[in-house]
Amino acid sequence: MERQRNPAGACLPADEPFPDCAALHPGYRRVGCPQIAPPFTIQPRLVCNNGRVQPSRILWGILLVKRATIAIIGLLLLAGCSADVKIPDQPAMYLDMAQPGATLDPVAAAIMISQYRQNNGLGTVVVDPELTRLAEQQSQAMAARNKMDHNVKGPLEKRLGASGYPAKLAVENVSAGYHTLAEAFSGWRDSPPHKANMLKNGVTKLGIAAAYAPGTKYKVFWTLILAST
């Protein structure tokens, strides 16, 4: 039985939690304001002793008023700080690509794959605009035909040659049905042939794309090209 969010072909679903985005993307950071204790209610209680107020009670009441004033000032400062802090956008790796206008972040993908390669003793990769353009063409062609296929526009070698890209080494992963970059990465990582491509020794550049086609079975079609020149 096929499930819409499962990939087609050899790509497998992943159940493993994905690393925190802050560890993978230096552009993300946490900002915050000092934590202020919640305000409290003052209930002054003056005890009369033969018509005279006890001095200790007066001092305690003054102390409570001072503490309340400090707490109120702190809350006002906290409110002002909160107004100035911009809440970070959703991490790029978890952005749902199955929606109109969604834009894939290739830099986030390069960081993710580079860390994975480094964890396996390999070099990093950087985004290549021409490979990204070729990946976009491949994803759009698969989406237009509602078909996940490496050869929908011809073999990778032929496509690279037609574009004039001087690749000495190149591999390609495609998939369909994943809605986020994290899901697509996990699916490739858990499929031995796709994992081998991501861990290909010698590649230094990548291009990645996702095409959204709402009227198709899998909705989102992914292409990853890794190469060296």
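Among contacts (heavy atoms within 4.5 Å) in the protein chain between residues at least 6 apart in sequence, 74% join residues at least 24 apart. The structure is a predicted model, in which local features need pLDDT of at least 70 and side-chain atom pairs count only at pLDDT 80 or more, while totals for chains, interfaces and linings use all residues. Residues are numbered from 1 along each chain as its sequence is written, and side-chain values use heavy atoms, with hydrogens and water left out.

The secondary structure comprises seven helices and six strands, where helices (H or I, at least four residues) and strands (E, at least two) are DSSP runs numbered from the N terminus. Along the sequence, these elements follow the pattern α-β-β-α-α-β-α-α-β-α-α-β-β. Of the 229 residues in the protein chain, 38% are buried, a term that stands for under 20% relative accessible area, as against over 50% for exposed and in between for partly exposed, with a 1.4 Å probe and protein chains only.

Helix 3, formed by residues 106-119, has 14 residues and reaches 20 Å from its first C-alpha to its last, close to the 20 Å expected at 1.5 Å a residue, the expected span being 1.5 Å times one less than the number of residues. Buried residues of helix 3 include Ala108, Met112, Ile113 and Tyr116.

In soluble globular proteins, nonpolar side chains tend to be buried together.

Strand 4, residues 169-176, is largely enclosed by the rest of the structure, because six of its eight residues are buried. Strand 4 pairs with strand 6 in the antiparallel sense over eight bridges, where pairing requires that DSSP finds at least two bridges between two strands. Within this arrangement, glutamate 172 stands opposite isoleucine 225 in strand 6. Leaving aside neighbours within four places in sequence, leucine 224 is in contact with residues including Ile113, Glu172, Trp188 and Leu206.
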